[in-house]
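Look at the fold below before you read on. We will start with its strands, then turn to its loops and its surface.

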Amino acid sequence: MISTPLASSPGEDSWICFDCGSTYEGVCTFCDQAAELVPDMDMCGDCYEIRLANF
């Protein structure tokens, strides 16, 4: 997994998995996994649900 610009959006970095070829929005600050992040948060949907369930 690396962070690099894509040809379709050269001014913005994306996370790319060289094993499966998938692109991801970012890395979750809680589980350190590449994922699509919850809008306006630096966490994946799974971590968001876990944190929300604690309240």
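Strands here are DSSP runs of E with at least two residues, and helices are runs of H or I with at least four; both are numbered from the N terminus. This is a predicted model: local features need pLDDT of at least 70, side-chain atom pairs count only at pLDDT 80 or more, and totals for chains, interfaces and linings use all residues. Residues are numbered from 1 along each chain as its sequence is written, and side-chain values use heavy atoms, with hydrogens and water left out.

Begin with the sheet. It is open, has 3 strands in the order β1-β2-β3, and its pairing is antiparallel. Two strands pair if DSSP finds at least two bridges between them. Between β1 and β2 there are 5 bridges. In this sheet S3 faces W15 of β2.

Strand β2 (residues 9-16) also holds D13. How exposed is D13? It is partly exposed, at 46% relative accessible area. Buried means under 20%, exposed over 50%, and partly exposed in between (1.4 Å probe, protein chains only).

Now the loops. D32 sits between β4 (26-27) and β5 (34-35). D32 has a positive phi, near 60°, though it is not glycine. Its relative accessibility is 59%, so D32 counts as exposed. D40 lies in the loop between β5 and α1 (45-53). Phi of D40 is also positive, near 65°, in a residue other than glycine. With a relative accessible area of 84%, D40 is exposed.
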